[in-house]
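Trainee: Please pick one part of this model and give me a close look at it. I'd also like to hear how the wider fold is put together.

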Amino acid sequence: MIYLSKKNKYTYSHDLNLDERIPALIPTHNATDLLAHSFDIMKRAGCLDLISPIVIDDRSTENIEAICAKYGFGYIRIDHDLSFNYSVNMNIGAKILSEVFAETAIFLNNDVYLNDREKLALFIEKHFENDSKLSSPKLIYPPVEYSFKDEQPNANTVQFAGGRFVNGNAAMPDHIGRYLDRDDVRLNINAPSGWATGAFNLIDLASFWGCGGYNEQLGNAYQDVLLSLQFHKRGYKVFYIGDGVDFYHDETTTRMEDWKANGADTQMAYLKTLESL
C-alpha cells in the first residue's frame, strides 16, 4: 500500500501483518551494521517472543529491506523532502499500526539493545499493572561487550532513569540519574515521571493520537518531552519503570548531520509550542 500526505509531502509503503506480540517501531537511516548488532542481541535474548519489530526506513541508500527480511521483521519505507525526522517517521508508523488495529506499541531507537527477555516481560507487565499510557524503562550505557562503539567511557552508568524538569521549570527537561551507577538503589523504583524518553517507550496508541501524535516541527528532539506534557494535561499516566528493569542504550549518532546546524531552531520551536499548551 502507498499513501501520500499533502500536508507533509511524504510517501510511505508497507505490507504488515500483526500477531499477538507488541509491535516495536524502529526508525533508521542506513546503519545496517548497527541494526544487525541490535537485532542479534534481541534475538539471542528471546525478546522476539514478546515483540514484533518493524523498521521504518527513512530514505536509506543501504538495503534495509533485506536485513528486515533476514530476521523476519516488518518493513516500512518512507520518502519525503525533509531531513531525517523522527517525529514524521513515528507518526507514520503509528498511523499504520492504528489502521491494522494495534492498541499498543513500543517506540525504540535502533541503538537500544533488548538484552533480557524477563526484564522486557516485567517492563510490559508493570506498564499495564500501573494503568500507564506512556512508560519508559531505565536505560544504561552498555559495557564494551555489548556496545557497537569502539569505546564506551560511560559503561554501566545510567543514561535515563525517568525525566524531570530543571528547578521545576517545565521548559527545561533533564534526565534523572544520568551517569550514576546502574545499581544505584534510588533509581530502582516504579513511579510517575515528568516525561518518557523517545529512545524506548511503551505507548497507548489511542492516547498518542488523542494528543495529535508527535509534533513534526520537532523532528529529532523535545518531541518526546512535549508529548509527555500533553499526556499529563489530559490526565494520562506517564511512568518510569526501573525496579528490576534496565536495558542498554548505546547513544550512537543516529541523527543526520543537519541536526547539528538546526538544534537551536528546534529548541526555540519547542519553547514556542509550550506557550499553546
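**A loop residue and a covered strand**

Mentor: Apart from neighbours within four places in sequence, Thr197 is in contact (heavy atoms within 4.5 Å) with Ser136, Leu139, Phe160 and Asp224. Keep in mind that this is a predicted model, where local features need pLDDT of at least 70 and side-chain atom pairs need 80 or more, while totals for chains, interfaces and linings use all residues. Numbering starts from 1 along each chain, and side-chain values use heavy atoms, without hydrogens or water.

Thr197 sits in the loop between β12 (190-192) and β13 (200-204); strands here are DSSP E runs of at least two residues, helices H or I runs of at least four. Thr197 counts as buried because its relative accessibility is 6%, and the cut-off is under 20%, using a 1.4 Å probe. Its side chain also reaches the backbone nitrogen of Ala199 at 3.1 Å, within the 3.5 Å limit for polar contacts between N or O atoms, one donating a hydrogen and the other accepting it.

Now for the strand. β4 (residues 51-58) has eight of its eight residues buried. Ile51, Pro53, Val55 and Asp57 point one way, with Ser52, Ile54, Ile56 and Asp58 facing the other. Side chains in a regular strand alternate between the two faces of the sheet.

β4 runs parallel to β3 (residues 22-28) over seven bridges, and pairing takes at least two DSSP bridges. Pro23 stands opposite Ser52. On β5 (residues 74-80), again parallel, there are five bridges to β4, with Ile56 opposite Ile76.

Note on methods
Buried means under 20% relative accessible area, exposed over 50%, partly exposed in between (1.4 Å probe, protein chains only).
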